[in-house]
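Biologist: I would like to work through a few features of this model. Please give the general idea each time, then the case at hand.

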Amino acid sequence: MIPVPAQTKIWLAAGVMDMRKQFNGLSALAESVVTQDPYSGHFFVFRGSRGDLVKIVWWDGLGACLFSKRLEKGKFV
């Protein structure tokens with residue numbers, strides 16, 4: 001279980017993103033698309049163009065975390 005503070009927000013980036021990006025590229029998108037600080041401790045969620053992949057960027061205070069989830073069947077709406 002990952003301890004997440006109660007005041008943590010989840011920001012969803014509208015549209016589809018280039019899923020080849022890793023932490024640095026997605027952090028830059030968090031600043032430009034969502035207009036939030038990627039080092040704020042909030043979750044930033046990005047969806048791939050096919051809809052079967054999401055990536056989540058989170059700064060836990062010690063370092064950057066990049067989570068990804070790919071569905072074998074179905075799509076993220």
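Modeller: Start with Asp-52, which counts as buried at 15% relative accessibility. Keep in mind that this is a predicted model.

Biologist: Which residue forms a salt bridge with Asp-52?

Modeller: The general idea is that side chains of opposite charge can pair when their charged atoms come close. Here the partner of Asp-52 is Arg-50, with 3.8 Å between the closest N and O atoms. The cut-off for a salt bridge is 4 Å, so a pair at that distance is counted.

Biologist: Is Arg-50 buried or exposed?

Modeller: Arg-50 is exposed, at 60% relative accessibility.

Biologist: How many salt bridges does a search of the whole structure find?

Modeller: The search finds three. One of them links the side chains of Arg-20 and Asp-18, at 3.0 Å from N to O. Arg-20 has a relative accessible area of 70% and is exposed, while Asp-18 is partly exposed at 30%. Another links Glu-72 and Arg-70, with an N to O distance of 3.2 Å. Glu-72 is exposed, its relative accessible area being 65%.

Biologist: In which sense do β3 and β4 pair, and over how many bridges?

Modeller: The pairing is antiparallel, over seven bridges. The two strands form a hairpin with four residues between them. In that hairpin, Gly-61 has a positive phi near 100 degrees.

Biologist: Why is His-42 called buried?

Modeller: The class follows from relative accessible area, and buried means under 20%. His-42 has 16%, so the label applies.

Biologist: Which residues does His-42 touch, leaving out those up to four places away in sequence?

Modeller: The list is Gln-7, Thr-8, Lys-9, Trp-11, Val-57 and Trp-58. Val-57 and Trp-58 fall within the residue range of β3, 53-59.

Biologist: What does the side chain of His-42 reach at 2.9 Å?

Modeller: At that distance the His-42 side chain reaches the backbone nitrogen of Lys-9. Lys-9 is also among the residues that His-42 touches.

How values were computed. Residues numbered from 1 in each chain as written. Predicted model: local features only at pLDDT ≥ 70, side-chain atom pairs only at ≥ 80, totals over all residues. Heavy atoms only, no water. Buried < 20%, exposed > 50% of the residue type's maximum accessible area, 1.4 Å probe, protein only. Polar contact = N/O pair within 3.5 Å; in protein donor to acceptor, adjacent residues only side chain to side chain. Contact = heavy atoms within 4.5 Å. Pairing = 2+ DSSP bridges.
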